[in-house]
Amino acid sequence: MNKLSKLLLAVVAPAFLLAACGGGGSDDNLDDRTDTADPKIRFVHAVPVAPDVTLYHNGNKVREVDGVNYKFASQYLEFNTGDTDLMVKTTGADVQVGSKVPFEAERGHKYTLVALPALAGTDLHLIDDPYDKGLLSDKARVRVLHAAFNSAAVDVYLTRANEDIATLAPRFSNVGFKQTQPRSGEDSLEVEGHDDWRLRITSAGTKDVLFDSPVKLGDNADWLLTVIPSGGIGSVIPNDFKVLVVKADDGSRTTQELTSQD
């Protein structure tokens, strides 16, 4: 649906339907869905046993992301459109982490900067979410980031708890290291909210389950599933990983860490 159609629907839609788009404090408001919101940026620290870090926006310290540690996930923060430069430094020592991340911030888009484990140290990965969600949709949105350097490409299954994946295609297929799916610049995958979803991860192209965990995915949820090594930066055991669930507008400002239940 284009922006004009969304705006026209917003004018004529009953108020009780618009309420489904979110209220005060939500990251899913009417202006988000009509692409009229200012750009929003959040930061995720997904590197176990790494130092506390601070985020800088166009050279200025972001007070909401100052001295944060592993599993931290900020809320989406509003910034201006146009040329944007993000940089991360260790807190106190003031040492730059990874490279600067320049991009053009667009109205209606949501951006996620993830500090992720690398073979040596920490890398930064930017995800651009156009957030083209239907005005009256209550579907959940899911995206996967593969940040486990000790694992080759994976397939990700999000199914009902009792479904056999033997005859199913993966929701996210052949996701390689440092790749997101859907990729940056595309919308997250929309799925129905349900309490008995099951998250399974296999080696790409196989049904060899490497990770298995139950999950509850509510209506209008917005998740980034980040696959990272279980042992942190020094992990050398192949395919030994866990999943950080980054939830939009999580008031606790932390991720949920999932470990395999198999």
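Me: Which residue in E5 does Tyr 56 stand opposite?
Reply: Tyr 56 faces Met 87 there. This is a predicted model, where local features need pLDDT of at least 70, side-chain atom pairs count only at pLDDT 80 or more, and totals for chains, interfaces and linings use all residues. Residues are numbered from 1 along each chain as its sequence is written, and side-chain values use heavy atoms, with hydrogens and water left out.

Me: How many bridges link E2 and E5?
Reply: Five, with strand E2 (residues 53–57) and strand E5 (residues 82–90) pairing in the antiparallel sense. Two strands pair if DSSP finds at least two bridges between them. Strands (E, at least two residues) and helices (H or I, at least four) are DSSP runs, numbered from the N terminus.

Me: What order do the strands of that sheet come in?
Reply: E3-E2-E5-E6, four strands in an open, antiparallel sheet. Strand E3 (60–68) and strand E6 (96–105) are the edges, each pairing on one side only.

Me: New topic. Where does Asp 35 sit?
Reply: In the loop between helix H3 (30–33) and strand E1 (40–45). Asp 35 has a positive phi of about 65°, though it is not a glycine. Most residues other than glycine have a negative phi.

Me: Is Asp 35 buried or exposed?
Reply: Asp 35 counts as buried because its relative accessibility is 14%. Buried means under 20% relative accessible area, exposed over 50%, partly exposed in between (1.4 Å probe, protein chains only).

Me: And what about Asn 239?
Reply: Asn 239 is partly exposed, at 29% relative accessibility. Asn 239 also has a positive phi of about 65°, and lies in the loop between strand E16 (222–229) and strand E17 (241–247).
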